[in-house]
Amino acid sequence: MAQLRQDHDEFKKRKAVVLVIGPEDAQAFKEYWRENRLPFIGLPDPTHGVLKLYGQEINLFKLGRMPAQVIIDPRGAARFVHYGHSMADIPENAELLSLLDSINRV
Amino acid sequence: MAKVEINTPAPDFELADMKGETVRLSDFRGRASVLLVFNRGFA
């Protein structure tokens, strides 16, 4: 999340909105957002409806959720989908930004 | 488990943000790209 915050301006320049979805409730989101001064839109999903809709993987052995990222273009199509297979399996921002560049070129 | 395929319409959803305001994925259609981040939890 820190990495994403650092590059938030780069995402903004590319007309991308960052939505962060997680299983915690609104109170936990509020606290985390305040502590970390996060500029993104945070969406608590305590009933896991959207997490399930998008198939976020749960690693039963490590009892945790795997990170996942999806880029959706302005037409509403998914252009990048990455399901992490470990906690550290997160794509580089550079990869996401270059994909946004290519979306914006058309 | 359902997964989202590339180059297919992303499933729309709506959730309340931290202030209780409704945010829909389709709100951004025609206006912006969206990076959806599924967080693994605040640890």
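This is a predicted model: local features need pLDDT of at least 70, side-chain atom pairs count only at pLDDT 80 or more; totals for chains, interfaces and linings use all residues.
Biologist: How does the radius of gyration of chain A agree with that of a compact globule?

Modeller: The radius is taken over C-alpha atoms, and the globule rule is 2.2 Å times the number of residues to the power 0.38. For 106 residues the rule gives a value near 13 Å, and chain A has 14 Å, which agrees. The C-alpha trace of chain A spans about 40 × 30 × 25 Å along its principal axes. For chain B, the C-alpha atoms fill a box of roughly 30 × 25 × 15 Å, again along the principal axes.

Biologist: How many residues of chain B are in contact with chain A?

Modeller: Two residues are in contact if their C-beta atoms, placed from the backbone, lie within 7 Å. On that basis 33 residues of chain B are in contact with 50 residues of chain A. Strand β3 (residues 33-38) of chain B gives the largest share of the chain B side, six residues. That side divides into 20 nonpolar, seven polar and six charged residues. Here Ala, Val, Leu, Ile, Met, Phe, Trp, Tyr, Cys and Pro count as nonpolar, Asp, Glu, Lys and Arg as charged, and the others, Gly among them, as polar.

Biologist: In what order do the strands of the five-stranded open sheet run?

Modeller: Strands of a sheet pair through backbone hydrogen bonds, either parallel or antiparallel. Two strands count as paired if DSSP finds at least two bridges between them. The order is β2(A)-β1(A)-β3(B)-β5(A)-β6(A), with mixed pairing. The edge strands, each pairing on one side only, are β2 (41-44) and β6 (78-83) of chain A.

Biologist: What is the sense of the pairing between β5 of chain A and β3(B)?

Modeller: Strand β5 (residues 68-72) of chain A pairs with β3(B) in the antiparallel sense, over five bridges. The bridge partner of A:I72 in β3(B) is B:V34.

Biologist: How many bridges join β1 of chain A to β2(A)?

Modeller: Four bridges join strand β1 (residues 16-22) of chain A to β2(A), and the two run parallel. In β2(A), A:P44 is the bridge partner of A:G22, and A:I41 stands opposite A:L19.

Biologist: Which hand does the β-α-β unit have?

Modeller: A crossover is right-handed if, with the strands pointing away from the viewer, the path from the first strand over the helix to the second runs clockwise. The unit made by β1(A), helix α3 (residues 26-36) of chain A and β2(A) is right-handed.

Biologist: Is A:I21 buried or exposed?

Modeller: A residue is buried if 20 or more other C-beta atoms, placed from the backbone, lie within 10 Å of its own, exposed if 12 or fewer, and partly exposed in between. A:I21, in strand β1 of chain A, counts as buried because it has 25 C-beta neighbours inside 10 Å. Not counting residues up to four places away in sequence, A:I21 touches residues including A:L43, A:V50, B:L36 and B:F38. Over whole chains, 27% of the 106 residues of chain A count as buried, and 26% of the 43 residues of chain B.

Biologist: Which residues have a positive phi although they are not glycines?

Modeller: Among them is A:K15, with a phi of about 55°. A:K15 is in the loop between α2 and β1 of chain A, and counts as partly exposed because it has 14 C-beta neighbours inside 10 Å. Another is B:N7, with a phi of about 65°. B:N7 lies in the segment before β1 (14-16) of chain B and, with 9 C-beta neighbours inside 10 Å, counts as exposed.

Technical notes: Residues are numbered from 1 along each chain as its sequence is written. Chains are lettered from A and ligands numbered from 1 in the order in which they are written.
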